[in-house]
Amino acid sequence: MPIIRRPIIRRWSIARELFVLQVLVVTLLVTAGTVGTVALAAQDAQHAAVEEVTAVAETIALSPLVVSALRAEDPTSILQPYAESVRDATDTDFIVVMAPDRTRYTHPNPTLINGPFVGSIDEALNGGTVVETTTGSLGRSVRTVVPVRDEAGAITGLVSVGITTDEINRRLRNQLPVVLLATLAALGIAAAGAWLLSNRLRRQTHGLGPEEMRRMYEYYDAVLHSVREGLVVVDTDGRVALINDEGRRLLGLPDDADDAPVSALELPAEVAELLTAAEPPADVPVLAGDRILVANQRATRFDGRTLGTVLTLRDHTELRALSGELDSVRGLTEALRAQAHEAANRLHTVLTMVELGRADEAVRLATAELELAQQLTDQVVGAVAEPALAALLLGKSAQAAERGVELVVDPESRLDGARLPSRDLLTVVGNLIDNALEALAGHPAPRRVTVLVTEGPAEVLVRVKDTGPGMTAEEAAAAFRRGWTTKREGRGLGLALVRQVAERHNGSAVAASGASGGAVITVRLPIGGPS
């Protein structure tokens with residue numbers, strides 16, 4: 001079956017649609033304005049013609065020459081040359097001086113002299129002025145008729161001055177090029193402004209059409225609000241350009257965090273440092289409240305321009321907890337494997353001594369090892385009633401023994417009940433012991449870690465000290481900051497988690513050097529629940 005390919009329909013971009021719409025609207029407006037201007041110009045030309053012929057007629061009617069000529073035996077011989085000279089000077093089409101009975105004394109066409117005047121004269125005979133547009137001997141014209149009075153005020157004649165409508169239209173046509181030029185200039189300026197605006201809009205929308213922009217917004221908005229990673233986009237001015245729902249949840253930000261300066265947001269200190277860091281971090285664990293987040297940050301660029309940075313956040317709290325438990329189980333398994341190997345060696349030794357007939361010494365060797373192990377177990381279980389913490393201490397003891405480190409539980413240790421969440425106790429004690437074991441790695445003997453866990457009326461005290469190299473004042477001050485570590489390779493998250501637990505319980509965590517060397521870390525957790 002042949003594949004039917006639909007033709008690709010390239011829709012107009014929103015910039016092009018806006019440009020065409022603007023040009024159409026401006027063209028309609030300019031056309032309407034031009035038509036209105038022409039209509040007003042025609043009306044003005046009509047009014048100007050009326051005013052002109054009225055002024056000329058009134059001036060002629062007041063002329064003494066005209067008044068005296070009307071009493072002469074041959075008025076035409078005097079008035080015709082005068083009327084034609086005035087007509088030429090005033091650029092009118094006709095000047096007719098007539099008797100009250102309509103008999104013409106003057107006319108541009110001499111053959112019409114002594115003929116009757118065509119038009120209204122009644123109002124002029126009554127002393128008024130006639131203004132009308134009518135058809136006469138020269139065609140349709142705008143004319144006025146005024147009376148001529150003698151010294152006594154009697155009407156002795158009439159004067160009519162007119163301009164044909166063809167002449168008025170000719171004058172109007174002479175003005176059209178200016179009007180059309182102004183119209184074209186207005187259209188050109190408007191089209192240029194529309195093109196500039198369209199070009200700017202095209203750059204800002206990247207040539208996308210309305211349907212493409214709508215689809216892009218819907219899809220991108222759906223993706224941003226559905227992904228399980230937090231996204232924080234910051235522009236080059238240090239303002240939050242975009243943050244999705246997961247980012248708000250992980251960082252505890254309000255809904256109006258968009259477009260706010262980073263410095264104005266109540267961000268965790270470590271997240272704020274990442275957003276302003278010169279070097280973009282990659283897979284960096286940060287603490288945000290009671291969560292452990294893994295952050296990545298990259299610069300965002302488009303067409304070679306840097307638009308800002310985007311920070312992605314993944315919640316690794318549960319994963320870190322499971323990893324810690326897995327590390328504890330792995331350490332305990334390795335310790336049990338080592339103990340099984342050691343027990344096999346001791347069993348082989350006991351059997352050999354029995355075969356050699358030294359049974360009493362074999363019994364003493366076997367029971368001494370059992371008594372030592374049972375003594376440690378009894379001490380831990382008797383001092384710590386929390387089973388998970390007791391198991392952690394026994395496992396860490398075996399792990400320490402495997403590393404050649406002696407783990408000692410202080411005889412003053414006492415924890416009768418689970419007045420604090422066991423998960424928080426495991427986090428604090430486990431990380432402090434791990435930190436101490438790492439500090440003793442490669443350190444000469446004696447290598448000892450002493451753990452004190454005791455419960456008072458108002459707080460739980462955890463103190464871990466070692467016989468390692470100790471800490472300087474600067475190291476002690478920075479010990480609980482994320483990134484500080486005693487390992488050659490590591491992220492420095494353990495003590496930061498201890499500080500986080502202490503702060504959540506309104507407690508304290510202090511690191512210092514011991515009086516006899518080594519480091520001492522003391523954590524106080526008030527009883528009463530986290531803040």
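How far apart in helix α7 are R248 and D245, counted in helical turns? They sit three residues apart in helix α7 (residues 245-251), so about one helical turn separates R248 and D245. Helices (H or I, at least four residues) and strands (E, at least two) are DSSP runs, numbered from the N terminus.

The model is predicted: local features need pLDDT of at least 70, side-chain atom pairs count only at pLDDT 80 or more, and totals for chains, interfaces and linings use all residues. Residues are numbered from 1 along each chain as its sequence is written, and side-chain values use heavy atoms, without hydrogens and water.

View 1. A salt bridge is a side-chain nitrogen of Lys or Arg within 4 Å of a carboxyl oxygen of Asp or Glu. R248 is buried at 11% relative accessible area. D245 is partly exposed at 39%. Buried means under 20%, exposed over 50%, partly exposed in between (1.4 Å probe, protein chains only).

**View 2. E246 and R249 also meet in a salt bridge**. Their N to O distance is 2.6 Å. E246 is buried at 7% relative accessibility. R249 is partly exposed at 37%.

**View 3. K396 and D434 form a salt bridge**. The closest N and O atoms are 2.5 Å apart. This pair links distant parts of the chain, helix α11 (residues 387-402) and helix α12 (residues 422-440).

**View 4. Strands β5 and β6 form a hairpin**. Four residues lie between them. In the turn, G238 has a positive phi of about 80 degrees. V234 stands opposite V240 in β6.

Definitions and conventions: Pairing = 2+ DSSP bridges.
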